[in-house]
Amino acid sequence: TLYPHQQYFTTYAVVAHQSVEAILATGNFTDEDSQKKVQYLASQALARSRDAVARHDGYFENIVLGNMYTQLHTLGATEAAELAKGSYRHAQVLAPTNPTPFFLEARLLWITHDTLESQALLLKALSMKPDYAPAR
């Protein structure tokens, strides 16, 4: 059960992460002001994601943190890929029958060009839930 203060940090992390995604989706973040905004929002999203995990080390909080690290990796912070992998793997331990953390790690591995391991994780996610749409 999440308490209100735990929900606050998790929700804040999700909203900050989505704000960064929205700016990146426009493809228009080359000017200095946009870059500063992305950096600020990314740092806020990462801080709130870490806060959420520190307050409640649950499955969903680790997914949010892993997604933030994956996003930072795509922005050029290559070391963030290992941190994302760690968050997804911890979520896998917390929810071993849920295909989502396996799919998200597979997506990360695809981004980092580890296609063989990515494929194996996608197949694992589909073996858990054959109709799992994101893995199809």
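**An exposed loop residue**

H113 counts as exposed, because its relative accessibility is 69% and the cut-off for exposed is over 50%. The model is a predicted one. H113 lies in the loop that runs between α5 and α6.

- The phi angle of H113 is near 70 degrees, which is a positive value in a residue other than glycine.

**Helix α6**

- Helix α6 covers residues 115-128 and has 14 residues. From its first C-alpha to its last, α6 reaches 20 Å, close to the 20 Å expected at 1.5 Å a residue.
- The residues S118, L121, A125 and L126 of α6 are buried. Seen down the axis of α6, its buried residues fall within an arc of 140 degrees, so they line one face of the helix.
- An α-helix has 3.6 residues a turn, so residues three or four places apart point the same way.
- The buried residues of α6 pack against α5, which spans residues 100-111.
- On the other side of α6, the residues L116, L123 and S127 are exposed.

**Helix α3**

- Helix α3 has 16 residues. The reach of α3 from first C-alpha to last is 23 Å, close to the 22 Å expected at 1.5 Å a residue.
- Most of α3 is covered, with 13 of its 16 residues buried.

- A42 has its place in helix α2, which comprises residues 32-55.
- A42 counts as buried because its relative accessibility is 6%, and the cut-off for buried is under 20%.
- Leaving aside its neighbours within four places in sequence, A42 is in contact with V20, M68 and L72.
- Y8 and A42 are 34 residues apart along the chain, and their C-alpha atoms are separated by 17 Å.

**The largest pocket**

- The volume of the largest pocket is about 210 Å³.
- The elements that give two or more residues to the lining of this pocket are α1 (4-26), α3 (59-74) and α5.
- Among the residues that line the largest pocket are V14, H17, E21, N67, Q71 and R107.
- By class, the lining of the largest pocket has 4 nonpolar, 6 polar and 2 charged residues.

Note on methods: Residues are numbered from 1 along each chain as its sequence is written. This is a predicted model: local features need pLDDT of at least 70, side-chain atom pairs count only at pLDDT 80 or more; totals for chains, interfaces and linings use all residues. Side-chain values use heavy atoms; hydrogens and water are left out. Helices (H or I, at least four residues) and strands (E, at least two) are DSSP runs, numbered from the N terminus. The expected span of a helix is 1.5 Å times one less than its number of residues. Buried means under 20% relative accessible area, exposed over 50%, partly exposed in between (1.4 Å probe, protein chains only). The arc is that of the directions from the helix axis to the C-beta atoms. Contact means heavy atoms within 4.5 Å. On a 1 Å grid over the protein atoms alone, a cavity is a set of points where a 1.4 Å probe fits but cannot get out, and a pocket is an open set with protein on both sides within 12 Å along at least five of seven lines; lining residues have an atom within 4 Å of a point. Grid points are joined across faces, edges and corners, and a volume is the space filled by probe spheres set on the points. Ala, Val, Leu, Ile, Met, Phe, Trp, Tyr, Cys and Pro count as nonpolar, Asp, Glu, Lys and Arg as charged, and the others, Gly among them, as polar.
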